[in-house]
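Please open the model in your viewer and keep the selection panel at hand. The tour below goes from one selection to the next and says what is found at each stop.

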Amino acid sequence: MTETNDQGRGPKARRRCFIVGGVILFLQLLLFIIFLILVLTVFKAKAPQTQLLSATLEGISPRVSFPVVNIQLNITLNLTLLVKNPNHVSFKHGLGKSYLLYRGDEVGDADLYPGLIPSKGAETLPSRLTIQVDQMAADMSALISDVLAGQVVLETRTRIPGRATFLKIFKKHAVATSDCRFTIDIPSLKIQSQECENKTKF
């Protein structure tokens with residue numbers, strides 16, 4: 001009698017196992033599809049946005065002396081960059097670099113310290129660029145003309161490497177770059193206008 005009962009329960013037990021296994025497999029497949037949709041839509045990596053909040057030249061003087069033309073220039077430019085993270089995941093960035101250009105020539109650079117920008121958050125990055133006056137010597141006459149005209153047009157090229165972390169497990173490396181062109185009003189030493197182009201390479 002015992003053997004007959006065991007044999008009778010065998011097919012039913014196997015059938016239940018198949019059903020349970022099928023349900024588990026279906027749930028796993030459903031979770032994978034949901035996760036894939038989230039990755040491709042909500043959690044799809046977007047380019048961090050960089051904005052130049054302020055740029056000030058300290059100690060610039062438009063005074064010109066004759067017969068030898070001379071202009072007083074401070075060697076530092078204070079920049080304040082705002083980096084926005086539009087993603088639903090945090091963005092941890094490493095040591096960045098910002099370059100200052102005048103008429104296409106590099107005349108200064110500065111380091112941007114590492115940090116963590118939370119999801120949908122922003123971080124302000126101060127930067128002090130050392131202006132290499134000797135690099136501007138070739139365009140000194142143009143610089144004097146710009147200063148006397150009351151406007152100096154400069155460009156910055158910023159590169160910030162980092163990675164986006166999802167669920168503290170999945171990490172995606174990215175490099176955020178920003179090219180800004182801005183005009184500084186000499187009397188007020190404030191930004192008069194600016195245009196920035198942001199890109200991110202994953």
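Throughout this tour, a residue is called buried when its relative accessible area is under 20%, exposed when that value is over 50%, and partly exposed in between, using a 1.4 Å probe and protein chains only. The model is predicted, so local features are reported only at pLDDT of at least 70 and side-chain atom pairs only at pLDDT 80 or more, whereas totals for chains, interfaces and linings use all residues. Residues are numbered from 1 along each chain as its sequence is written, and side-chain values use heavy atoms, with hydrogens and water left out.

**The whole chain**

Begin with a cartoon view of the protein, which has 2 helices and 10 strands; here helices are DSSP runs of H or I with at least four residues, strands are runs of E with at least two, and both are numbered from the N terminus. Traced from the N terminus, the order of elements is α-β-β-β-β-β-β-β-α-β-β-β. Of the 202 residues, 32% count as buried. The accessible surface, from the Shrake-Rupley method with a 1.4 Å probe and, for residues, with only the protein chains shown as cover, comes to about 12,700 Å², and 59% of it belongs to carbon and sulfur atoms.

Next, select I19, V23, F26, L27, L30, L31 and I34, which make a nonpolar surface patch of about 660 Å². Such patches consist of residues with over 30% relative accessible area and no salt bridge, where nonpolar side chains (Val, Leu, Ile, Met, Phe, Trp, Tyr) are joined within 5 Å and like charges within 9 Å. One of these residues, L31, is found in helix α1, residues 2-40, and is exposed at 58% relative accessibility. In an α-helix there are 3.6 residues a turn, so residues three or four places apart point the same way. While in this part of the view, select C17 as well, which is exposed at 56% relative accessibility.

**The nonpolar core**

Of its 27 residues, L52, L77, L79, L100, Y102, L154 and F182 touch the most other members. At least two residues of this core come from each of β1 (49-57), β2 (76-84), β4, β5, β7 (122-131), α2, β8 and β9.

**Helix α2**

Select α2, whose buried residues are A142, L143, I144, D146 and V147. The helix is followed by G150, which has a positive phi near 90°.

**Salt bridges**

What can be found by showing the charged side chains? The structure holds 4 salt bridges, each a side-chain nitrogen of Lys or Arg within 4 Å of a carboxyl oxygen of Asp or Glu.

- Staying with D146, show its salt bridge with R103, where the closest N and O atoms are 3.3 Å apart. Because D146 lies in helix α2 (residues 140-149) and R103 in the loop between β4 and β5, the pair ties together parts that are 43 residues apart in sequence. D146 is buried, at 16% relative accessible area, whereas R103 is partly exposed at 47%.
- K97 and D111 form a salt bridge whose closest N and O atoms are 2.8 Å apart; K97 sits in strand β4 (residues 96-102) and D111 in strand β5 (residues 105-112), 14 residues apart.

**The disulfide**

The link is right-handed, with 110° about the S-S bond. C180 belongs to strand β9 and C196 to strand β10 (residues 190-201), 16 residues apart. C180 is buried at 4% relative accessibility, whereas C196 is partly exposed at 33%.

Key:
A nonpolar core is a set of buried Ala, Val, Leu, Ile, Met, Phe, Trp, Tyr and Cys residues joined through side-chain atoms within 4.5 Å. A disulfide is a pair of cysteine sulfur atoms within 2.5 Å.
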